[in-house]
Amino acid sequence: METLISSLQPQIVFPILHASDVAAARRAGQKLADALGFAEVQAGRLAIVITEAGTNILKHAGEGTLYIMRAQSGVDTPGIDVLAVDNGPGIRDLQTSLRDGVSTAGTAGTGLGALHRQADEFDVWTARDQGAVFFMRIWSSPAPPEPCGIEVGALYVPLAGEDESGDGWAVSCSPDGATLLGVDGLGHGPEAHKAAAGAIAALEWRPGATPAETLHAAHEALRTTRGAALSVARIDYAVGELRFAGIGNVGGVVYDGEARRALVSHNGIVGNNMRKVQEFSVDCPPGALVILHSDGIQTQWDLKAYPGLLARTPAIVAGILMRDFIRRRDDAMVLVGRRRGGHA
C-alpha cells in the first residue's frame, strides 16, 4: 500500500525576530499537536523544542526562521517536524555545545542539549560563518514507528502577500519504491494553488504509476486550470533506478556519491500544451539524494560548498537551499529525498 505525504498538509512558517515570535510559534505548534492527537507528555516535549530552537536563533544569530509541520514521513503514526534555520556565525564546537551546561552566550547552556534530548529524531548542520540548521522530529506515541524506504524533507514558501502557494510537492511511499513530485502552478495565488493541488491529486489517484502515466493523468486533471510545470521521479528499490519525466521548469538533480546528475525536462505546460512526455533513467542506489525544486529557487547552487551537508537529513538540505537560493519574486518549493541505507 502506498502512503502519500504532500504540501497540502499543514506547514507553518515563523520568521523569528523577537521573543514574541517564539511564543507565537509555540502556540501554533501546540495547536497542531492537539489536532494530531498528541499526548500531554509528547506535546510538552514539542513545546520545549520550539521554545529552545527559537530562543537559540535569537541569542546566537539574531534572527532566523522556524518551520513547523506534520512529520514528512511515509508512515501513519502522526508526528511533527521542527526545522530551525539561521544565517548567523555558526557553531565552532558543535559536540561541546550539545552538552547541557555549555554556553557561548552567558546563559544556562541547556538550549541545544534540550533540543537533542527532547526530540525523537535530531540532526544539525553548521559551519563557521554559514549559519546553522537544526532538525527535530517528535512522534505522537512513545515508540517511534518503523521508517519507510525514503527520507523526505520539503519546504514551500508563497510569494510575499499571498496566503496560498502555487508551488507544491508530494511523495508516495511503498515497500517497493517511492515517487517524488514537484509542481509549479502558473503564476501565483489561489488559481496557481488549484493547479498544484490537481497535480498532487493525480499522484494520489495512482500512487504507483510511472512518471509518464502521472504526467498524462495530471494533464487531463489540469485542463480546467491555468496549468503547471511538473516533474515526477519514481525510485525502484529492487533495481536501484530512478525514472524521471518532466514538463516545464521544475528542476531535478540526483546526487549519487560524488556525481551530480541533472534530470531533463521538456518544454510545455501540463494541462495546456504538453506535446512530448519522455522518461529518462539514472542510477539511484541506497544513500542517493534526489532534489526537485521550482524556479522560485535559483539554479546556481552546489551542495559541496557546504562541508558535510550531503550527509545530513533531507530537511536540513531543503532548509539550506531555501535560505540561500530563494528568489523572493515568486512562490518557491524544494523537495529533497534520500533512499535509506547509506549516504551520498
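Two strands are taken to pair if DSSP finds at least two bridges between them, strands being DSSP runs of E of at least two residues and helices runs of H or I of at least four, both numbered from the N terminus. The structure is a predicted model, in which local features need pLDDT of at least 70 and side-chain atom pairs count only at pLDDT 80 or more, whereas totals for chains, interfaces and linings use all residues. Residues are numbered from 1 along each chain as its sequence is written, and side-chain values use heavy atoms, with hydrogens and water left out.

Strand β12 (residues 251-256) is joined by 5 bridges to β13 (residues 259-263), and the two run antiparallel. Within this pairing D256 has A259 as its bridge partner, and the hairpin that β12 and β13 form has 2 residues between the strands, with G257 in the turn showing a positive phi of about 65°. Strand β12 is also joined to β15 (residues 289-293), again antiparallel and through 5 bridges, with V254 bridged to V290.

In the loop between β4 (79-86) and α3 (94-97) lies N87, which is exposed (over 50% relative accessible area) at 53%. Beyond its neighbours within four places in sequence, N87 is in contact (heavy atoms within 4.5 Å) with Q130, G131 and R323; the C-alpha atoms of N87 and G131 are 4.0 Å apart, although 44 residues separate the two in sequence.

With a disulfide defined as a pair of cysteine sulfur atoms within 2.5 Å, the count comes to 0. C173 is in no disulfide, the nearest cysteine sulfur, that of C148, being 3.8 Å away. C284 is buried (under 20% relative accessible area) at 0%, and its sulfur is 13 Å from the closest cysteine sulfur, in C173, and therefore too far for a bond.

Key: Buried means under 20% relative accessible area, exposed over 50%, partly exposed in between (1.4 Å probe, protein chains only).
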